[in-house]
Structures are given as structure tokens and as C-alpha cells.
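Please report on this structure.

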Amino acid sequence: MKRIVTLAALLFLALPLLVGACAPAQAGEIPIGISFPLTGPLSAVAAPDAKAVELAVTKINEAGGVRVGGRTYKLRPVVVDNKYSSEGEVGTANKLIFEDKVKITILWGLTLPHMTISEPAKSITFSGSPSTKVYGKYTFRILYSNAGTGPVIARWIKEKRPGAKVASVLTMEKDDMSGRASGELWAKTAAYYGLKDMGAEYLPPATEDFYPALAKVLPLNPDMLMTSSIAQYGLLAKQARERGYKGLIALQWHAFPQYIEAAGPGGEGAISTAWDPESELTPQGVKDFVASYRAAYKMEPSTGAILFYNGVYLAARAMEKAGTVEDTDKMVKALEAEQFDTPVGKAWFGGKALSEGMPRDFTVPIAISELKGGKIKGLARAEASEVAEARDSVFGK
Amino acid sequence: MLKLGSKIIFALTSQRRIALLAALVVPFLLPLVIQGYYHRHILIVLLVAIVLTTAFRLMLMAGRLHLGIAGFQAIGAYTSALLVVKLAINPWFGMLSGAVVTTLVAVTLGYVVLRVGGIYFGLLTLMFNIVIYQFLIWARPVTGGIDGILNIPPPGIGDLSFGLNKVLQYYLALAIMLIAVFAMYKMERSRIGLAFQAVGQNPILAQHLGINLTRYRVLVFAATSFFIGLAGAFMVHYLAYTSPDDFTVMPSFYVVLYAVVGGVHTPMGAIVGPAVFVLLSEAFAIAREAQPLLYGVVLLIVMLLLPEGLVVLPRVAHRSLMQVQSFVQRPQPVGETPKYGSIFWFLTSRKRRQ
Amino acid sequence: MTDLLLSVVLNGLFLGLSLLLVALGITLMLGIMRIVNIAHGEFYMLSAMIVWYMTASVGVNYWLGLLGATVIASIFGLGLERHLLRRYRGDLLSGFVACMAVIMIMQTGASLLFGFPPKSVPSPFHGNITILGTPYATERLIVLLMSSAIAIAALLLVQFTKLGRAMRAVSQDEFAAALQGVSIGSICRLTMLLGCVLAAVAGGLIAPIFLVSAFMGLPLLLKGLVAMVIGGWGSVEGVIIGALFVGMLESVLITIGSAEIATMILFSILIAVLIVRPTGLLGVEAGQ
């Protein structure tokens, strides 16, 4: 008993010794928080995107770092595993913000618990998910905005695919805040473009077998089947075709090419917003990124990875334009007011242009591509100005 | 006065008491030693894990493998969060009602589900966990679905809000942990615990002595559920946020790992297990994606070398040291077989076989 | 209407049969090896991963890949039984924790070895066929037929061969079986082999239809446990009925309601079955 008690006491005493050793920030370095679920089921999609963020940090440093007020700073990545749980998220937020003193965090995970720490501490968060209505002043979203992708795709189909004769659309979304928000946004978009919205079918996020859901929706016979949040889009396209669906299938999201190409020959002609690295429509910055990502990690990056990569450039440019590496209020002002040159193209804050209750997104160029011969082929590129225009025409300034 | 002084001196000179004193005082002083929000957060999470592991261990003592801890935690968490957010009830009262509702659920279910034993009960609680998880997602209008509940107000005393004050939160968690562990320890040492020991030794005799096991089991189930619910309720007010994703089967499984790694045979095991896991998670953080791999390897090593749990490590180390000594000095081997596995088995196994 | 009905039935059959092979393995292991092998889903995952690696990266024929995956997964499983699971025979708690360790190691190992992003395996069959006017994928039909054939073969093996009799004897009364000259050790090994082969074949067959990821094992395993509990412990025909019941119920409920309702009702039915009849609808009393 005595020894056991001593052991327990020792364990408690050993805690601070072990955890106390954390490196202090060095002068001339800006820590960038990278909080991703690196373990657990979601790591399958999140861990590869985390590597894109690190790649961006390396590239910015190689290009000379961040120049603020006549000084040059290097970015220092602080990678943490948030385990995609509230507990882990609060822990990593505490670690990044109070121990490592990060001013900007790139986050893939539960944004809401992270915000409970980052908002009062005035630390900026660039979040990947989910698209929500409750973002605070210091929280931004850096992935595609469904308020932008929907109108862009709808307009493109109307102008470039008149033969498709799309009159009615049925959406299939994942059953969470971002899926529901996308469903609502799409209903407005469909109304603007005179499409009959047949409603949305909400599915659990990890669905891979869409047959039962398709058995429910296909008898309605929609002209177009669309999703803005289902990652397993390729499977949806393939299975819809297998069940004899003849209409148009479209994805307005940033999925893995593996996910889209899983459609195989059956998914021929499915439309998505993924970037095709081989197309000349794709910006050079994206091509460079894809090439170096392939070389460094021997795999294909997702469209989400491209946007996360872009997010680090946004952060660096925002610090340069704000002329500070400490004052987050100034950075937020710069982020909301300025235009930025990023690898994907010109980008600026778009959340403010929309009525309240919209996510705090950035307006970035959007790709439109098609699945041809089992590969993603670029069809068009909408510049940020076109995206903003399409979005504002539907949702108003 | 003199008497008290001599008592204190006696207490301090007795080694065992020093250890006990240290074990009690050190947790109280920890937040003063450990600065920084992150490490205090880790400590708070550890204290909650200790409550859950102790509860799991007590259920195990009652002969029931509880694989659905997170499900019961979710009941306490959501009850408290919903009461406080939707009906604007005082968070203290919310936490208490969370624990009480969890207990009520346990008592209602208890008389039915506790009849089945062994793996059946394990699967039953596991499935219950999944039902609760799915229910929280499905009942979107009430629970907020997969997005959970935001801005859950923290408890406070007068104008003093616990909110982001990690020291106060730590002491609250410590109080919950001490009460829970002490209550469950007392329960184990009471007539109830004795009854289960008796059943373990001779079930037929125990039944003939008129021990009403089902009633005792329901009592144990209710008590553990109370503390599990309380821990869940504390956690949501601490995190200010909750979502069904926090109550999947994985947290339940982790509690089982904590208990077994610490050792299920003594109450101390339920404290050592989570503490070791917390230390490991800090040490393995640099391994990033490979963390679970390292956990798995450590788990296997513990399972193979110390099947009784890490709690016996000092005893085994002591024994092994003696064995190494005796191996060097080559005395005759003693006849008794050691109760615990030795980590230096390769030195002694041949001798023992002869 | 008939169209919808047929789709529901086909979907239910597919859902049921795709988890049947895994559920069969779990039930045999529980009955004979007396261990809740929650790591069983990982063999399913391992096999799917190897099929992906062999077809997409090495460039082997799909069927050869499936064979290779089955062999590798079986060898892995036998090694696991020999060196780990055997120690925990009948020890519920330690067995559970040892299996958790195996899950952690295999999931992370597979992620690190084969890469994190989900993978798609090119399908050996393309195109649709029409069953009574309802379009259906050829690959799914092949999987349906193959898993039915394998399940029937397993049923025949357990019911009518000498080995099957020995297995049932061990699951009913180990001591008496040993007295009759049944080698418990080799029966355990054969059970593990059978379970691994079933899981590996299931993983290889499903791989082209869905995505392959390192974390695909545990969700399927939980569903397999449901099928096993509803049908009965240690009873092959019970598991077949349980798996088909689970599949059908899920298909119907998703079509008329939603996926969450389906899962909730399914697990609630399961709790009811466990309370009313803990050994399952057709189950024999398994060792505790």
C-alpha cells in the first residue's frame, strides 16, 4: 500500500516535470497553429491536409519568410492533434494560444469548442469546418463557400450546358450544421435560377452505401442530383448511375480526387468543383503546390488541401498588410478589408457582403471540372470577382 | 497542544503516513506548481477520467463489465446542459440534476439489465451507448443534433464565475474526484463489497446465506451512474460545449483500457491507469499520426508483462531486484511461486521449472 | 411500387450479406475461442487494403489480389491467435483490452504503411443488369451470390462435417469434447483460420464497391455484433438470420425514415433481445 501511494504521488509530481519542458518562442519566428485530427477515423481525410499546411509554411520560409515592418520573420509550424473531440479541441486550443502564443491557427475540427478559447483570447482561427452561422469576430473559414459554389455551378450549367435541360434539382447533404446550411443556401440559389427544388435528403456523414437513400429519392425523378457536403461523392455518382439515373450529377465541394474518382467509369460526366492539376485553366500556384505535394508525400492532394495551403498564404499576407505580427485586431481589419494575392488567385473576405447569419468565408476562385475517363478534367474557372458577382446576384449585397 | 504536536511528529515520522499525506496534499498544491492553461486542462481531464475509471472498476467488482460509460456520461451531460441552456437553471443545480437523472435511468434499467451477466451485460451497455449517441443526433430539435449545444454557462459562486478560471475548475474537479473516489471506495469496503467478495469465493454458499445480489448490484449501478453522470455534467460546463461526437464508443473503450492498465484489483489502479495514459499522451505527442500505434504497443507490453496492472510494478520491481540479487549470490530457490509475474522472468523461469 | 419493393429487398440483402461473413467469424470465435474478438473487423480492413495495394499499386489481377489478401490476412490471424489471443481464452476483460491494442496497432499501422487518404479499387465488373425492371449493379449481384455461397458452405461445414461437429462440441461443452479426444488447441486454430478467411474474403469483395480506409473495420464489427446478438451466439444459422434481419430492417427504415432512425431502432431492438433472451433468438448458451 505504501509503495503504491508513493508511486501515485510520484506520478503526480512527475507530471509538471515532464510537461513543463516546452520550447519558448524564438525571436524572429511566428508560430502558426496547425490543429488537425491526426488520430482516429477522421485522420484518414485530415492528416493529408495537415501536411499541405506544413508544406505552405516551408514554402513561405523558403521564399524569404514574412516581411513585416522592415523585419523578416520565419513561420514556425506547431502541429497538434485535436482528436476531433471537444475535450481535445479545448486542450489543443489552450496549448496553441497560451503556451505557444500563436496568433493564427489553421483548424480542421470542432470549431465551436475551439472558439470558446480563441475568441476571448483574440487569437485568429482559419477554420476548415464546419460552415456555421455562429462564427465570432476572430474566426474565418478558408474552404469553398457554399454561398459561392452553388450560384457559380448553377450559372455555369445554365449558360454552358443548356442541353442538360435542368428544371428540377434534388440535393443530398450530410446531416450536420454545414450540410443543413448548404441545403438552405441551395434552396435560395435554385429559386433564383428558376429551378424546382425538390428538397434535400440528409444522410449520416460517413455513408458509403447510398442505395437505400437512392431508392427513396430516385422515383421522384429529378433532372439533377447535387451535393454540397457529402465527401463520398464519387460513390454517390457511381451508385446513382448503377440504379439507372440518367440526369446530371454535380458536387460543389472540396473533396479528395480519390473520392471523386471512386465513381469509376460509371460516374462519367459527373461535375465537381475539384481542381484539375493538368488543365491550363488551373492557376500556376495550384499546379506548383500539387507538384511539390506529390514530390514530398507521394500522394494526391485534395481540393481541401489546396485551400488549406492557400489559407497559410492568406495568414502571411494579412500580417504583412496589417504591418504587425502581434495585434490580431489589426490583422482582422486587414483580412476583412484588403485583397490578397494567393496561390489560387486573388482572394478577399466575402462574409461581410452577405446578410447576417452567413459564414465568414473568403471569396476565392472556384474550379469547375468533369469526370472523364475516370479522371478529373477541368472545364472552367470562375475568378473571385465572378464568384462574388454570382453570389451577390443570388443573396444580395 | 503538546499532544497534538507529538501526534503531528508521529504522523510525520511514520513513513506510510507521509506517503498518504503526500498523496492527499500534492493534488491540492498541483495548480500552484503547474502554471499554464494547457497543463491545468490536462489535469482536469485526468481527474474526470479517474472518476470514470473508478466507476468502471466498481461495476467490475460487482461482476458486471460496463462498456457503455460514455452513454451514461452523455445522459448527465445533456440533461444538465439542456436544463441550464433552455430553462436557465443554475448550473450547480443543473449538474446535480444531470447526476440524478443518470441515476434514475440506471435504477429503472438496473432491475432488468443487471440480471444478465458476462459478455451479455457488456454488449448491452455498449449497445445502449450507441442508442444514446444516435438518439442525440436524431433528436435535433431538442439536442441540436450532431452540432451539439454551444455556450453552456459555467457554474459560479456569487459574482465569481468559474468560466475560464482553470484553478477554480481544477478544485471543483478535484472535489468531485475525491468525493466520488472516497464514496466508491467506502462502498467497496462496505457490506456490499463483502457480499460480492463472498460470491466470488463461493457463489452457492453466498446465496444460501441470503445475500440479495440483484439489490446490491442495482445499488452499485446507481452509485456509479451518479458519479458518471456528475462527471459528464461537470465536463460540459467546463468545456462550455458538447456534441454527440464526445460520446461515441471510443471514450467508453478508453476507460476500460485505463482500468486494466492501472490494475483492476486495487482502487489505486483506477488512479494510476489514467495518470499513466496522460503522461504517455504528453510523451507521445511528438509521434503525431503514429500515437495510437505506440499506445497499442505499450498496452501489449503491460498486458504481457504485468497482467495485474501497473499498480503492482513497484512490488514486481522489488521482487525482480531481489531475484537478480539472489541470482548473483546463488542461494537455493524458495518453494513458493510468486503471485505476480516478474519482468525478469527470463532470469528465473528455468529455475522455477525444475 | 414493385420497383421500390424490389429495391428495398435487394438493398437489404446486400446490407445483410456484406456483414454476414464478418459476423460469422465473430460468433464462431466467441463460441469456441471464448473471446470477444473486437479486432476481427481489422482483418476485413487488412484484406481490403492488400487488395487495393495489389491491384492499384502492383497491378495484379483482382482475383489474384483477393487470394493473396486472404492468405496474408489468414497468416496474420493465425500468428495473432498463437501469440496473443490464446492467452486470453475465457478472460473477457483482458481479451477485450488485448484486442483494443491490436486494433490500435493495425489501424495506425495500415494508415502509415498504405497512406491515409481513402482509396478506391477498380472494379472487375462493370455495368448494370436489370432484375425485373429494376437496374442493379453487376458487381453487387456477384458479391451477393458469392457471399451467399460462402455462407452456405460455412453452414454446411459446421453442421455436417466431422470438424464442424467437433467445433460445436467445443462450443457446447469444452471438457466433454476434450474427453472425446477433440484437440481444443487445433479446433481454436481452425476457428481462427475460418474466421480470418471469411473476414478477408468479405473485405476483398467489398473493396471495389466502397472506399478502402484504415478505419473501416470497427463500424462494421459493431454491426456484426448486432447481427450476432439478434440471431444467437455460437449458432451459424442464427447469425445468418440475424444478419439478414439487420440488413432488411436497415434498408426499410432508411427508405421510409432516415439513417439515424434506422440505427436507433436497430440497437433498441437489440437491447430488447438482450434483456428478454440474452442468448439470442436461436442461440445456444455460450460460455461466460
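Does E250(C) count as buried or exposed? E250(C) counts as buried, because its relative accessibility is 9% and the cut-off for burial is under 20%. The model is a predicted one.

**Salt bridges**

E250(C) has a charged partner. Its side chain meets that of K223(C) in a salt bridge, 3.1 Å from N to O. The pair links distant parts of the chain. K223(C) sits in helix α9 (residues 217-231) of chain C, E250(C) in helix α10 (residues 236-256) of chain C, and 27 residues separate them. K223(C) counts as partly exposed, at 25% relative accessibility.

The side chains of R86(C) and E81(C) form a salt bridge, with 3.4 Å from N to O. Here E81(C) is buried, with a relative accessible area of 2%. R86(C) is partly exposed, at 33%.

In chain A, R155(A) forms a salt bridge with E389(A). Their closest N and O atoms are 3.5 Å apart. R155(A) belongs to helix α5 (residues 146-160) of chain A and E389(A) to helix α13 (residues 384-395) of chain A, so the pair ties together parts 234 residues apart in sequence. Both partners are partly exposed: R155(A) has a relative accessibility of 23%, and E389(A) has a relative accessible area of 46%.

| Salt bridge | N to O distance |
|---|---|
| K223(C) and E250(C) | 3.1 Å |
| R86(C) and E81(C) | 3.4 Å |
| R155(A) and E389(A) | 3.5 Å |

Over all chains, the structure holds 30 salt bridges. Side chains of opposite charge can pair when their charged atoms come close.

Chain A has 13 helices and 16 strands. Of its 397 residues, 65% are buried. Its accessible surface comes to about 13,600 Å², and carbon and sulfur atoms account for 55% of that. Among its contacts between residues at least 6 apart in sequence, 67% join residues at least 24 apart.

Helix α2 (residues 43-62) of chain A has 20 residues. From first C-alpha to last, the helix reaches 28 Å, close to the 28 Å expected at 1.5 Å a residue. How many of the residues of α2(A) are buried? The count is 16 of the 20, so α2(A) is largely enclosed by the rest of the structure. Just after α2(A), G64(A) takes a positive phi of about 110°.

The largest nonpolar core has 353 residues. Which members touch the most other members? They are F36(A), F126(A), M172(A), M319(A), L123(B) and F234(B). Take F36(A). Leaving out residues up to four places away in sequence, F36(A) touches A46(A), D49(A), A50(A), V53(A), V80(A), D81(A), N82(A), I106(A), W108(A) and F308(A).

Chain B is built from 16 helices and two strands. Buried residues make up 56% of its 354 residues. It exposes about 15,900 Å², with 68% supplied by carbon and sulfur atoms. Of its contacts with a separation of 6 or more, 75% come from residues 24 or more positions apart.

Part of the surface of chain B is a nonpolar patch. L21(B), L24(B), V25(B), F28(B), L29(B), L32(B), V33(B) and L178(B) form the patch, with about 700 Å² of accessible area together. Which helix gives the most to the patch? Helix α2 (residues 15-33) of chain B does, with seven residues. An α-helix has 3.6 residues a turn, so residues three or four places apart point the same way. V25(B) lies in this helix. V25(B) is partly exposed, with a relative accessible area of 37%.

**L112(C) and chain B**

L112(C) is placed in helix α4 (residues 92-114) of chain C. At 43% relative accessibility, L112(C) counts as partly exposed. What does L112(C) touch, not counting residues up to four places away in sequence? The answer is E289(B), A290(B) and L293(B). Within chain C, L112(C) and A214(C) are 102 residues apart in sequence, yet their C-alpha atoms are 9.4 Å apart in space.

How values were computed: Residues are numbered from 1 along each chain as its sequence is written. Chains are lettered from A and ligands numbered from 1 in the order in which they are written. This is a predicted model: local features need pLDDT of at least 70, side-chain atom pairs count only at pLDDT 80 or more; totals for chains, interfaces and linings use all residues. Side-chain values use heavy atoms; hydrogens and water are left out. Patches are made of residues with over 30% relative accessible area and no salt bridge: like charges are joined within 9 Å, nonpolar side chains (Val, Leu, Ile, Met, Phe, Trp, Tyr) within 5 Å. Accessible areas come from the Shrake-Rupley method with a 1.4 Å probe; for residues, only the protein chains shown count as cover. A salt bridge is a side-chain nitrogen of Lys or Arg within 4 Å of a carboxyl oxygen of Asp or Glu. Helices (H or I, at least four residues) and strands (E, at least two) are DSSP runs, numbered from the N terminus. Buried means under 20% relative accessible area, exposed over 50%, partly exposed in between (1.4 Å probe, protein chains only). A nonpolar core is a set of buried Ala, Val, Leu, Ile, Met, Phe, Trp, Tyr and Cys residues joined through side-chain atoms within 4.5 Å. Contact means heavy atoms within 4.5 Å. The expected span of a helix is 1.5 Å times one less than its number of residues.
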